[in-house]
Amino acid sequence: MRHGEAPSTTTAAHPEYNALGTSGWSALLAQSLLAFTVESDDPQHFRGYLRNRKIADVDFIEMATGRHVAHRSADTIARDCRPDYVLCLQVAGVGEFHQGSRTAVLQPGDLTVFDGTRPATVVSSADYRNVCIKFPQRLLRLPRSHVDQLTAARISARDGLAPATGALLMTLGHVMEDISGRTRYLAARNALDLVSTMFESILDVSGDDGKTEGNVIPGQIREYIDEHLGDPELSPAAIASAQFISLRKLQGIFQQNGTTVSAWIRTRRLERGQRDLVSSGELSVAAISRRWGFKTPSHFGRAFKDEYGVTPAEFRRVASAG
């Protein structure tokens with residue numbers, strides 16, 4: 001994908017616009033993306049197109065509009081319940097994304113991310129088109145303090161993993177309805193893995209050698225935890241001993257990232273268990289709970305429902321449907 005060009009997939013064809021008016025477009029955004037107040041030179045005749053494909057708790061959104069300004073205010077945010085990030089790929093036209101003290105001006109092929117829990121403004125040119133992926137902030141491997149460095153920052157179409165990420169978003173948006181529920185779920189999770197890797201590459205935090213860089217959890221500690229998730233006796237004390245650091249220092253590293261060692265272990269176990277519920281259909285819920293270090297299936301079930309709002313069995317049925 002060359003800078004200045006829209007990705008060359010069939011989704012780049014002009015969609016059919018609907019005459020919604022700015023109030024109708026605001027309602028559609030609130031339903032399918034996030035709540036915004038929309039302004040336009042001709043509010044009664046404002047036209048737009050939006051399509052949302054939801055896979056579990058991840059949304060793939062394609063939209064096209066004319067020139068307008070969309071504001072997300074603190075009052076609007078108070079009505080939303082889930083902390084989300086939205087990664088946007090510019091497909092056509094020019095988009096300006098304002099959040100905090102930064103502004104990202106996107107040409108076709110460029111990307112940016114914004115935090116759904118903070119005020120933002122998006123200015124759209126004529127013939128504006130983009131593809132977005134909206135996902136819970138908890139699904140990223142990076143702490144929020146690090147992602148904050150990327151919000152409303154332009155990620156060039158030519159930089160690092162940006163071309164691969166943009167191409168994947170376009171492709172998934174096009175084929176999502178043609179693949180099965182289980183494959184859709186795994187594709188969505190793989191897309192988030194690529195997004196996380198792209199962010200880590202930009203921030204240069206993924207290849208550390210075990211030293212603490214800023215507030216990043218060192219890779220050596222992350223890898224040790226991931227390698228021992230199946231051990232029900234994995235504990236902060238065991239991790240500290242294996243890494244030859246004090247328990248206090250280990251706890252301090254995680255506190256700098258706004259979490260605890262135990263919470264990190266729990267989250268990683270739940271993520272692995274969630275993935276197995278979809279990809280390993282032959283494994284029972286009880287077997288998955290043992291595989292990832294939960295001492296009992298009921299412990300896994302309670303933790304899973306607390307995190308995702310459904311039981312493991314309910315999640316498996318929904319994710320595998322279709």
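A: Helices are DSSP runs of H or I with at least four residues and strands are runs of E with at least two, both numbered from the N terminus. The model is predicted, with local features requiring pLDDT of at least 70 and side-chain atom pairs pLDDT 80 or more, while totals for chains, interfaces and linings use all residues. Residues are numbered from 1 along each chain as its sequence is written, and side-chain values use heavy atoms, without hydrogens or water.

Contact means heavy atoms within 4.5 Å. On the α9 side R266, L270, E271, G273, Q274 and L277 take part, and on the α11 side F300, A303, F304, D306, E307 and Y308.

Among these residues, Q274 lies in α9, which spans residues 261-279. Q274 counts as buried because its relative accessibility is 2%; buried means under 20% relative accessible area, exposed over 50%, and partly exposed in between, with a 1.4 Å probe and protein chains only. Beyond neighbours within four places in sequence, Q274 is in contact with D57, Y185, R189, F304, Y308 and F315. With R189 there is also a polar contact between side chains, at 3.0 Å. Such a contact is a pair of N or O atoms within 3.5 Å; within protein, one must be able to donate a hydrogen and the other to accept it, and residues adjacent in sequence count only if both atoms are side-chain atoms.

For the wider setting, a nonpolar core is a set of buried Ala, Val, Leu, Ile, Met, Phe, Trp, Tyr and Cys residues joined through side-chain atoms within 4.5 Å. The largest such core has 58 residues, and those with the most contacts inside it are F60, L87, I133, F135, F199, I225 and I239. Helix α5 (residues 181-203) gives the most to this core, with nine residues. A second, separate core of 21 residues includes F36, I61, A70 and F114. L87, from the largest core, touches L111, V131, I133, V195 and F199, among others, not counting residues up to four places away in sequence.
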